[in-house]
Amino acid sequence: MNHVSSPARPRRLANLLDTALSLFVAQGIQATSTASIAKAAGVANGTLFHHFATKQALVDQLYLDAKTSLAQALTATPLTGTAADQLQQCWQRSLNWAKLHPRQLCLMQQLSHDPAYSMARHHALMLETMPFLAELLTNAQQQGMLAPVPLPLLLNFCHHHFLSTARLFVDQPELATDPDYQHWAFQLLWQGLRPAET
């Protein structure tokens, strides 16, 4: 399973979430009905609505699971070195996570274009699950290593660069092992964050 599994999460609920994730990825969120999710999971519609009042609530849970899983991957071991080193470690860990969790990555990509999810909502969830990232970026700005760009713009830039690069590497795994692609993928991010040359 690609979602974050909790010891307290009942097997039926875990199966329901896993089934919904698979269908959302295969068919798209809008094209997937709650009835089809319940049927594929082998449960009654009432069981699904017992856990999630709406399809949106189900999507929200899957998105939270994905963000939490990514955050856990980024903090599995302490980040070390300079702000640039730590950002590069986060970057590499996030790409490694995407390779292991392609369905959750696909869900993130779908939601990044979903009009029901404003950028403010994306940023709020990012700050909730990955507060260390905002702290890292802010500290790097204070040290003069990053441009004095407002935090929402920084988060937006990092978010979209990660999604597009991760999708490229998942779709074409041979590129993910190419040192040039690895190097330049991060350099594009880093140079986009650096202060302008004077």
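**Close-up views of a helical protein**

View 1. His161 is buried, with a relative accessible area of 14%, in what is a predicted model. Because residues under 20% relative accessible area count as buried, the value of 14% places His161 in that class. The residue lies in helix H9, which runs over residues 151–171. Leaving aside residues up to four places away in sequence, His161 touches Trp91, Ala185, Leu188 and Leu189. Among these partners, Trp91 belongs to the H5 side of the contact between H5 and H11, while Ala185 and Leu189 belong to the H11 side.

**View 2. The packing of helix H5 against helix H11.** Helix H5 (residues 83–100) and helix H11 (residues 179–193) pack with their axes 11 Å apart and at an angle of about 130°. The two helices are therefore oblique to each other, and H5 passes H11 in a right-handed crossing. On the H5 side the contact is made by Ala84, Leu87, Gln88, Trp91, Gln92 and Leu95, and on the H11 side by Gln182, Ala185, Phe186, Leu189, Trp190 and Leu193. Sorted by class, this contact of H5 with H11 comprises nine nonpolar residues and three polar residues, with no charged residues.

**View 3. The packing of helix H1 against helix H4.** Helix H1 (residues 11–27) packs on helix H4 (residues 55–74) at an angle of about 95°, and the axes of the two helices are 11 Å apart. Since angles of 65 to 115 degrees count as roughly perpendicular, H1 is roughly perpendicular to H4. Leu17, Ala20, Leu21 and Phe24 from H1 meet Lys55, Leu58, Val59, Gln61, Leu62 and Asp65 from H4. By class, the contact of H1 with H4 holds seven nonpolar residues, one polar residue and two charged residues.

**View 4. The whole chain, as context for the close-ups.** The secondary structure of the protein consists of 11 helices and zero strands, so that, read from the N terminus, the elements follow one another as α-α-α-α-α-α-α-α-α-α-α. Along its principal axes, the C-alpha trace spans about 65 × 35 × 30 Å. The radius of gyration is 18 Å, which agrees with the value near 16 Å that a compact globule of 198 residues would have. Buried residues account for 47% of the 198 residues. Of the contacts with a separation of 6 or more, 70% are between residues 24 or more positions apart.

How values were computed
Residues are numbered from 1 along each chain as its sequence is written. This is a predicted model: local features need pLDDT of at least 70, side-chain atom pairs count only at pLDDT 80 or more; totals for chains, interfaces and linings use all residues. Side-chain values use heavy atoms; hydrogens and water are left out. Axes are lines fitted to C-alpha atoms, for helices over the stretch in contact, and angles run from 0 to 180 degrees between N-to-C directions. Helices (H or I, at least four residues) and strands (E, at least two) are DSSP runs, numbered from the N terminus. Angles under 35 degrees count as roughly parallel, over 145 as roughly antiparallel, 65 to 115 as roughly perpendicular and the rest as oblique. A crossing is left-handed if the near helix is turned anticlockwise from the far one by less than a right angle, and right-handed if clockwise. Contact means heavy atoms within 4.5 Å. Ala, Val, Leu, Ile, Met, Phe, Trp, Tyr, Cys and Pro count as nonpolar, Asp, Glu, Lys and Arg as charged, and the others, Gly among them, as polar. The radius of gyration is taken over C-alpha atoms; the globule rule is 2.2 Å times the number of residues to the power 0.38. Buried means under 20% relative accessible area, exposed over 50%, partly exposed in between (1.4 Å probe, protein chains only).
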